[in-house]
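This report describes selected features of one protein model. The sequence and the structure are shown first, and the description follows.

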Amino acid sequence: MNANHHESSGPSRTQRITLRGPAELADALPFVLGFHPTDSVVLVALHGEHGRFGGRVRLGIPRSPQEWASTADHLAECLVEGGARSGARPDGIVVFLCQDPAPGETGRRVMERLRPFAQRLRTACGALDIPVYEALCITDGLYFSYCCPDQRCCPPDGTPLALNGTSVMAAAATYAGVQVRGTLRDMEARFKPSGGPGGEEQRTALDTAAASIVPRILEGAEGQGREEVREATLALAREILRRFAEPPTGRRSPQRPGAASGRVGAAAAPSASSPVRSVLPGRPVSSTAALDAADDALITIEEAAALVLGLQDRVTRDRAAEWMEGWEGTAALRLWRVLSTRCVTPYQEHAAAPLTLAGWTAWSTGDEPTARVALGLALDADPEYVFARLLHQACNEGLDPESLRSCLRSERDARTAPEQEASAPSRRVGMRAARRPGTPLSLRKPGRQTGGSGRRATAGVRPGGPATARPGSGTPRPGGQRGSRSDR
């Protein structure tokens, strides 16, 4: 992540656990975030007499020390202002600096190198009248305290972190069903191209798709070409969603370069019409790498190129966002992940669309750690991508995704059930008023009511449609409005 955006979260709603001392604080951090925050600065708010965990912000550690002062001020302000908006200004803050040693560097050297940054963070929080109760550096399997002067508990050479699964926090998290997804670096790698010689084949397919799709969008009479591309993109995406809905063991799929390794960059390129083969025949797909390999093998380079280019249209992307729950939501998250890995150089900016869809789908289905990672990467790909910025802010501020889900359901109904609209004109007006195509999406705080009786009437109703039906029941849906990459 870069310094242009950050991750934050509202107050924790998990069960209460008492943490005593720097060791248990260091051990709790991955459970608080849902992953190990490699190369990150994390600020966690504390509330009340007993220091209850509240909101938190995370940002990649700036490489240049010249950025540390402004970054510290920015993070402190974000955490305090976010708490104030929710009516819970922090009473204290805990600071974590997490960074792996460079080659030839010791953990203690990392701690000393980051000490000025830790001090600047303490100063920035103090300037807002919020004390820093503890500042820890976590590196090389050790933790160091910048605040504790007692060498008996915090020696200068660091203290080993608790073994995985042996702490009070780990036991409580296991009981509550909380999972740590691995490191931030590992989570981000699942959404990035792996590189290798096969990337050239995907790049060629993207060039070919661009040469075919872009003229159809720009030169079609009165948007006809754009509408044709839109419907073709959505039809192809629906077909691939059904592939993902099949059982993972022994399923058949189109072969593509890198299918054996699960990523672009392995073997020669067959065409989209090449013979199908079994993916991991007779073997259960268990590990994350194996699951990603199986998903990656389900899409040819030509199909991926057509979808990546087609999703650059804003209306196409918004309609794809309707696959947000049930079997569609599960399959769509996997599809968007694969597409983001196919955005090889020089198409990195095109990854903003599938990454944003991945973030939205993950957030909608309750996977907030994955949502924040995907949305952060979308903003890395294109810092001005409006949909990603809105979702990132909404997710960070603890808004309820149901308000956006309700809006998308209403738009789907308005497009797919014209006969119902004709028989109920007042309901039609109410649903259309929720959001006209081309206007910004709106989100609300949990439990907050919005104006308009039509919107309230539809907010709690889950209409029939592909999201509630079995795989294969979806049908192409006409409609939509013109869009472009510049209006996102």
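## Helix α9

In this predicted model, the buried residues of helix α9 are Ile 301, Glu 303, Ala 304, Ala 305, Leu 307, Val 308, Leu 309 and Gly 310. Helix α9 spans residues 301–310 and is mostly covered, with 8 of its 10 residues buried.

## Strand β5 and its neighbours

Strand β5 comprises residues 132–139; 7 of its 8 residues are buried, so the strand is largely enclosed by the rest of the structure. Strand β4, residues 92–98, pairs with β5 in the parallel sense over 6 bridges. Within this pairing, Phe 96 stands opposite Leu 136 of β5. Together with helix α3, which covers residues 107–127, β4 and β5 make a right-handed β-α-β unit.

Strand β5 also pairs with strand β6, residues 142–145, here in the antiparallel sense and over 4 bridges. Opposite Thr 139 stands Leu 142 of β6. The hairpin formed by β5 and β6 has 2 residues between the strands, and Asp 140 takes a positive phi near 55° in this hairpin.

## Aromatic pairs

A pair of aromatic rings is described by the distance of the centres and the angle of the planes. Rings count as paired if their centres lie within 6.5 Å, and planes under 30 degrees apart count as stacked. By this rule, the model has 3 aromatic pairs. One of them joins Trp 68 and Phe 117: the ring centres are 5.2 Å apart and the planes are at 20°, so the pair is stacked. Because Trp 68 lies in helix α2 (residues 68–85) and Phe 117 in helix α3, the pair ties together parts that are 49 residues apart in sequence. Residues under 20% relative accessible area count as buried. Trp 68 therefore counts as buried at 8% relative accessibility, and Phe 117 is buried with a relative accessible area of 0%.

Another pair is formed by Trp 323 and Trp 336, whose ring centres are 6.3 Å apart with planes at 15°, so this pair is also stacked. Trp 323 is in the loop between α10 (314–320) and α11 (326–341), whereas Trp 336 is in helix α11; the two residues are 13 residues apart, and the pair links distant parts of the chain. Trp 323 is buried, with a relative accessible area of 2%, and Trp 336 counts as buried at 1% relative accessibility.

Definitions and conventions
Residues are numbered from 1 along each chain as its sequence is written. This is a predicted model: local features need pLDDT of at least 70, side-chain atom pairs count only at pLDDT 80 or more; totals for chains, interfaces and linings use all residues. Side-chain values use heavy atoms; hydrogens and water are left out. Buried means under 20% relative accessible area, exposed over 50%, partly exposed in between (1.4 Å probe, protein chains only). Two strands pair if DSSP finds at least two bridges between them. A crossover is right-handed if, with the strands pointing away from the viewer, the path from the first strand over the helix to the second runs clockwise. Rings of Phe, Tyr and Trp (its six-membered ring) pair if their centres lie within 6.5 Å; planes under 30 degrees apart count as stacked, over 60 as edge-to-face and the rest as tilted.
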